[in-house]
Amino acid sequence: MKSLAAKRHPLSAAARQVQLLEDPVHDLPGFRETLERHGIRTLRSTALGTLQVNIGKMCNQTCVHCHVDAGPDRKERMDRPTMEACLQAIDAHQIGIVDITGGAPEMHPDFRWFVAEVRKRGARIIVRCNLTIIVSNKKYRDLPEFYRSQGVEVVCSLPFYTAGRTDRQRGDGVFERSIEALRLLNAVGYGTGDSDKVLNMVYNPAGAFLPGSQSDLEQQFKKALLKDHGISFDALFAITNLPISRFLEQLQKSGNYEEYMEKLVNAFNPVTVEGLMCRTMVSVGHDGMLYDCDFNQMLEMPLSAGMPRHIADLPNASVIGRNIVTGRHCYGCTAGAGSSCGGATT
Amino acid sequence: MENNYYDPADLKKFGKITEYQKELGDKYFSYYNDVFKEGALTAREKALIALAVSHTVQCPYCIDAYTVDTLEKGCSEEQMMEAVHVAAAIRSGASLVHSVQMMNKVKALTHG
C-alpha cells in the first residue's frame, strides 16, 4: 500500500483535511463553541513537561489508520542540526520527557545518536515503536538491547490481541512479527514489571468506533497475550483514532465520517480538558516546526500567534500559558475517558 | 415517512420515545442504564449477552448498537460470533425440544 502522499490523494494535503473537518455543511459544533458551552473560555498550556519529536515519516509499515501518512515511500526526516536544536531546547527548558516518534523512528540513521544525547541530559526517553521494525532487518534486531542500555521506555503499538484484526489494520503478517518482537523485548526484561524496562502498549480501535474502558482492555490484552503467546507488558494505553490523514480517508471511503464525528462530539467529556496532552507538551516536526501536539502537526496548525515557529527559537521563548490551537479533530482527545499519547486522560 | 420499516437513523431517535409517555419512558431508560452497569456481571459480559439476545429478537437496531458496543469493549470477532451461536443454539433447541410434544402426540395417536 502506498501513502496518500505517494498516491497524490487530495487528503494528503493538510489544508484539504482541515477544510473537510471544519466544513459547515456537517452540522457539528465547533470545538471552541463546545468548550465555551461548558464554561471553558480559554485552553492554555500549563507546563512544558514533554517534547515530542517526530524525527521522520519513513516507516516499514503502511497502516490504514495512520495519522502521519507514514510509509516506506516517505523520505522526510529530521536533519542533524534540527536534532541539535531539539537538544538545546531540552537543555534550556530542562524538559523532563522526550517522546520520540515517526514513522518508525528507528529507521532514522541518527536515531541512536539522538537517543544517547537525550539520555546524557537525564530526560525520560519514550520511543514509539511499531514492533515489526525490530524483526524487519538484521540491523534492527539489537534494538531491544539498545533500548535497555539507554533506559528507554518503549511504547509499542498493537491494535488487537488477535491476528485477524491486527493484520486488517496493519498489513498481512504484522501480528505474527509483532509477537516475535515482543518476545525479544520480554527476553531482555522489558514488560516484566522492572521500572527501568517499561514496555507499554498502545491500543487503538481497528475501525470507526471508540475505545472502551482502558483498564478492562488492558486486562483482556494481558490475559490473551500471556495465555496465547507467553507475552507480558506493563500498561495499555487506549487511544482514540483522530479523524486525520489515512484514518480520515478511511472514514470517508467507508461512509462512516459523519457518524464517527457525531460520535466524538456526543462523547465530549469536559472532565478530559484538564488532562489534555497539548497543555503540557510541544510537538516538533521533522523540519523543526513547532505545534501543540502531533495531530496539529499533521494538520499543519502551528503554535498560536506570537509563539516561536521553529525549534531553534524555542530555547529563548516562553511557551507556557500560550493559547492552544484547536479544531474539530480535538474532539478525538475529549471523547469519553479522553485520549492522549499516554492513553486515557481521566 | 420513510418507505421502509427500518431506518438506521431511527436508532438515534430512540430517546424520543419519552415524547408520548415521559414517565414510563424515563423509567425505562433509567432501568436500562442500571441494567448495563458493571455488577455481578462485567459490562463486557452484559454487552455480549445483549448482542446474542439482539439476534434472538432480530432487532437490527440492537444488532448495530451491540456490535459497536462489543467492539468498543474489546471483544474479538470469535467471541462475538460464539455469543450469537449461543443464541442460535437456544433458539433451535427451543424448536427441537417441542418435538418431544410432537413425538408424544404421535405415540398417543398411533398407540406406538
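Select A:Glu145 to begin, a residue that is partly exposed, with a relative accessible area of 34%, where partly exposed lies between buried (under 20% relative accessible area) and exposed (over 50%), using a 1.4 Å probe and protein chains only. The model is predicted, so local features need pLDDT of at least 70 and side-chain atom pairs count only at pLDDT 80 or more, whereas totals for chains, interfaces and linings use all residues. Residues are numbered from 1 along each chain as its sequence is written, chains are lettered from A and ligands numbered from 1 in the order in which they are written, and side-chain values use heavy atoms, with hydrogens and water left out.

Next, select A:Lys263 and B:Glu72, whose side chains meet in a salt bridge at 3.1 Å, N to O. This pair crosses between chains, from helix α11 (residues 257–266) of chain A to helix α3 (residues 60–72) of chain B. A:Lys263 is partly exposed at 23%, while B:Glu72 counts as buried at 15%.

Then move to B:Asp34 and B:Lys37, joined by a salt bridge of 3.0 Å, N to O. Finish with A:Asp69, A:Arg74, A:Glu76 and A:Arg246, which salt bridges with shared partners join into one network.

Definitions and conventions: A salt bridge is a side-chain nitrogen of Lys or Arg within 4 Å of a carboxyl oxygen of Asp or Glu. Helices (H or I, at least four residues) and strands (E, at least two) are DSSP runs, numbered from the N terminus.
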